[in-house]
Amino acid sequence: MVIFKGGTAMYYSSGNYEAFATPEKPEGIENKHAYIVGTGLGGLSAACYLIRDVQMPGKNITLFESLPLAGGSCDGLHDPQKGYIMRGGREMDNHFECMWDLFRSIPSIVNPGETIFSEYYKLNKEDPNYSLCRVTEKQGQDAHTDRKYDLNKSAEKQLMKLMFASDEELADKTIDDVFDEDFYKTNFWVYWQTMFAFEKWHSALEMKKYMQRYVHHIDGLPDLSALRFTRYNQYESMILPMVKYIQDAGAVILYNTQVTNVVCDCTPVRKEAVRIEYTQDGEEKALDLTENDLVFVTNGSQGDGSAYGDQTHAPEVQIVNGQGPSVELWKKMAAQDDAFGHPDVFFRDIKETSWESWTVDTANPEILEAIQKICHRDPLSGNVVTGGIVTARDSSWLISWTINRQGQFQDQPDDHCLIWVYGLNCWDDCGDYIQKPMFMCSGQELCAEWLYHIGIPTDRIDELAEKECNTTPCMMPYVTSFFEPRKYGDRPLVVPKGSVNLAFLGQYAETPRDTVFTTEYSIRTGMEAVYTLCNVDRGVPEVWGSIYDIRDLIKAGVKMNDGKMIKDWPIGAAEKAAIMGALKLAHNTDLETLLIRLGAAEKKDFEPPIDKQKVTEAAENVKNSNVTKAVGAAAAVIAGMVALKHLKK
């Protein structure tokens with residue numbers, strides 16, 4: 001639970017009043033030290049906020065990183081032996097409030113005089129993202145989903161039931177507990193599943209949170225126009241500038257250093273980290289903590305146990321369920337107090353939480369021509385190419401692929417194109433061209449399967465995959481582990497109740513209303529952790545409130561019904577009659593203007609006047625019916641407002 005302003009902890013704010021405020025330096029902060037476990041976005045952002053807003057001396061900040069480089073899952077690497085490696089990509093939103101709050105202060109290392117934010121803003125303003133082909137079938141042919149959701153009445157009711165269910169009702173439930181084939185056969189599920197990597201056995205609660213968090217982007221889901229991207233891979237565009245910022249301030253990053261335990265003194269009312277145990281370059285060490293030491297722990301990692309292959313070898317996953325350095329650290333901490341969460345919930349079955357991705361490097365004109373035929377853009381233009389993922393709907397592996405602005409690496413040859421591909425069905429299904437499961441395939445075989453689905457003639461596939469491409473695969477056994485069905489308490493609060501010096505960071509910490517698997521979530525946890533433990537007197541920006549905005553709800557209702565007005569929505573005759581009758585009451589009001597502007601109705605729907613008694617009955621029917629379940633948020637809000645207006649008369 002967050003204590004708001006007037007208490008002793010972090011509070012939320014909205015608008016830009018506090019966004020421009022510079023907080024006062026907390027008393028005695030120069031005598032405190034901070035120890036941060038992990039250098040993913042959560043850990044790096046915590047360090048940045050300690051430096052910028054807390055004004056802690058950089059020399060008082062130490063970060064522990066088990067790998068030889070920072071960044072966590074925001075990686076991008078050119079391995080001279082294997083080739084270019086991108087395990088994943090990051091899609092950003094214009095309402096990542098904490099992220100932009102931070103990045104307005106971090107200088108770019110590519111464009112002198114710019115910040116990460118200003119660089120990013122100008123790029124996406126001048127070259128906006130959108131897709132010209134979101135879904136293909138039959139070996140690279142446009143599936144012509146044509147920006148439509150194709151939701152029937154049953155599917156829409158299921159979706160609305162999820163959206164308005166309580167968190168308690170959805171605890172430990174799967175998506176498959178909520179939906180049936182009426183929903184799964186829609187375009188909506190194709191868009192949703194492949195964009196966010198949800199599977200049917202994943203958390204219904206998490207899917208609901210996504211629906212509410214991004215209701216303002218429902219119209220941008222079919223063509224991915226809601227998304228924004230960095231110029232280069234996220235390691236070069238985001239991680240390196242953050243690392244430089246904190247190191248320039250004097251902070252120290254200890255690489256090749258694995259924290260194995262954070263020992264805590266826990267009582268029902270007080271929790272204090274008292275010792276950090278770690279291994280550095282193979283040597284076991286320990287650091288005893290004082291009352292002036294703050295500890296920030298990244299508990300769990302979606303990149304734990306990542307296995308890499310190459311052009312001729314498949315990745316070999318070396319861990320089994322529940323193993324992995326970050327998982328084992330979290331388990332040791334969780335054993336000390338129930339408030340530290342339940343890691344076993346998230347890491348119980350690798351087959352439920354994995355995917356495989358591969359990076360294809362090619363300069364072959366035949367392949368580039370096939371790509372251009374699908375995305376209708378020159379892959380080497382340096383501008384937006386696919387505009388987000390392209391999904392091969394009839395792929396047995398359910399593969400999707402994307403090409404971001406080239407080059408994705410600053411050292412990438414000008415005539416080379418890097419394609420990122422990923423597949424959700426890793427373990428059991430044979431490919432459509434390669435007749436074995438994905439996890440058993442070399443880079444060359446994975447590339448061949450992708451070439452098949454972009455329409456390369458079958459008699460050319462093997463030669464092109466072998467001689468004209470270099471493909472580097474990566475299997476990530478825990479990449480979607482935070483989507484496992486869960487309930488409140490399975491993730492620790494960012495700052496557990498009673499904690500005096502310990503906070504959790506990243507995708508497995510609990511913060512209200514935001515959604516995991518985003519850059520914003522990690523950065524938000526870093527900001528909330530620092531502001532809470534250091535008592536920073538400045539508001540953390542609240543999660544964008546589009547779910548409470550009637551304009552976004554109405555617009556989403558129209559878009560979810562493929563642009564149809566309310567009178568054409570797939571609802572029952574009684575509900576439709578009630579709503580259309582109620583609309584007459586909104587004649588010559590701002591509500592009429594709003595509904596027309598958003599495409600929910602047209603002028604004639606509000607006139608001519610009808611019998612007053614019938615209007616009253618229509619309003620009462622709306623108020624008392626199950627319209628929320630049948631129609632959804634937009635119609636329910638409309639109907640409720642109209643009924644209220646009439647009753648006040």
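Is Val390 buried or exposed, and what is its relative accessibility? Val390 has 0% relative accessibility and therefore counts as buried, a term that stands for under 20% relative accessible area, with exposed meaning over 50% and partly exposed in between (1.4 Å probe, protein chains only).

This is a predicted model, in which local features need pLDDT of at least 70 and side-chain atom pairs count only at pLDDT 80 or more, while totals for chains, interfaces and linings use all residues. Residues are numbered from 1 along each chain as its sequence is written, and side-chain values use heavy atoms, with hydrogens and water left out.

Val390 lies in strand E15, residues 390-392, where helices (H or I, at least four residues) and strands (E, at least two) are DSSP runs numbered from the N terminus. Leaving aside residues up to four places away in sequence, the contacts of Val390 include Cys133, Arg134 and Trp401, contact meaning heavy atoms within 4.5 Å.

Salt bridges (a side-chain nitrogen of Lys or Arg within 4 Å of a carboxyl oxygen of Asp or Glu) come to a count of 40 by this rule. Among them are these pairs:

| Pair | N to O distance |
|---|---|
| Glu206 and Arg486 | 2.7 Å |
| Lys436 and Glu445 | 2.9 Å |
| Glu510 and Arg486 | 3.9 Å |

Glu510 and Arg486 are both buried, whereas Lys436, at 25% relative accessibility, counts as partly exposed, and Glu445 is partly exposed with a relative accessible area of 21%. A network of salt bridges links Asp93, Arg213, Asp514, Glu520, Arg524 and Glu528.
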